[in-house]
Amino acid sequence: MITPVLPAPRTASDPSAAADESTTAWALAARGGDTDAVEHFVRALHRDVQRYVAHLCADPQAVDDLAQDTFLRALGSLHRFEGRSSARTWLLSIARRAVTDSYRHAAARPRPADVADWQLAAESAQPQGLPGFDDGVALLDLLAALPDERREAFVLTQLLGLPYVEAAEVSECPVGTVRSRVARARATLIGLLDAAEEPAAAPAA
């Protein structure tokens, strides 16, 4: 039995807000030369970066490299980080650019994506224990059915917990567009779950 439950929308009282304040404080401290803060900053956001990159990147072998590239770029740019947005939003924007740059670099040498390996890599980056997805329907499989832009908006806001304003900043589009993409993504996912719930049609007599 598959229970059609999607991740609940994030709210302002979500604990991730406090986590964002901490990681932003660590980023600012790291900018000032605090090596311990650098370690805290990387540890706190490494999984989010990997999950985001896994959903954007079609090459499972590149996920770790892109995450590392993201942090190298970020640490090299810390002197420009002023805390106007959360460190997580700032870092995910860098991750998005890293993936985009990798696509441009790979465009000259296109090769087929190994779908099974990509799914395995992305699934390993999924949070465990989400209700409704442990009875044969993986969240990853449902997300794969979404158009890229809607999947990105859903991942940013519903899985990574970014506020819509910050998700818009990462995606480089208006807040209203992010809200629309998330709403359409949720409607599509609910429809897919409902379809999965329907019993197979009985054979004609």
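Q: Is Asp-20 buried or exposed?
A: In this predicted model, Asp-20 lies in helix H1, residues 15-31. Its relative accessibility is 10%, and the cut-off for burial is under 20%. Asp-20 therefore counts as buried.

Q: Which residues is Asp-20 in contact with, leaving aside its neighbours within four places in sequence?
A: Contact here means heavy atoms within 4.5 Å. With neighbours within four places in sequence left aside, the contacts of Asp-20 are Ser-86, Arg-88 and Glu-166.

Q: How far apart in space are Asp-20 and Ser-85, C-alpha to C-alpha?
A: In sequence, Asp-20 and Ser-85 are separated by 65 residues. In space, the C-alpha to C-alpha distance between them is 9.7 Å.

Q: How many residues of H7 are buried?
A: Helix H7 covers residues 148-159 and has 12 residues. Its buried residues include Arg-151, Phe-154 and Leu-159. H7 is largely enclosed by the rest of the structure, because the buried count out of 12 is 9.

Q: Which element gives the most to the largest nonpolar core?
A: This core has 45 residues, and Leu-92 and Leu-156 are among those that touch the most other members. Elements giving two or more residues to this core include H1, H7 and helix H4 (87-106). The element that gives the most, with 8 residues, is H4.

Q: Which residue just after H7 takes a positive phi?
A: H7 ends at residue 159. Just after H7, a positive phi of about 80° is taken by Gly-161.

Technical notes: Residues are numbered from 1 along each chain as its sequence is written. This is a predicted model: local features need pLDDT of at least 70, side-chain atom pairs count only at pLDDT 80 or more; totals for chains, interfaces and linings use all residues. Side-chain values use heavy atoms; hydrogens and water are left out. Helices (H or I, at least four residues) and strands (E, at least two) are DSSP runs, numbered from the N terminus. Buried means under 20% relative accessible area, exposed over 50%, partly exposed in between (1.4 Å probe, protein chains only). The expected span of a helix is 1.5 Å times one less than its number of residues. A nonpolar core is a set of buried Ala, Val, Leu, Ile, Met, Phe, Trp, Tyr and Cys residues joined through side-chain atoms within 4.5 Å.
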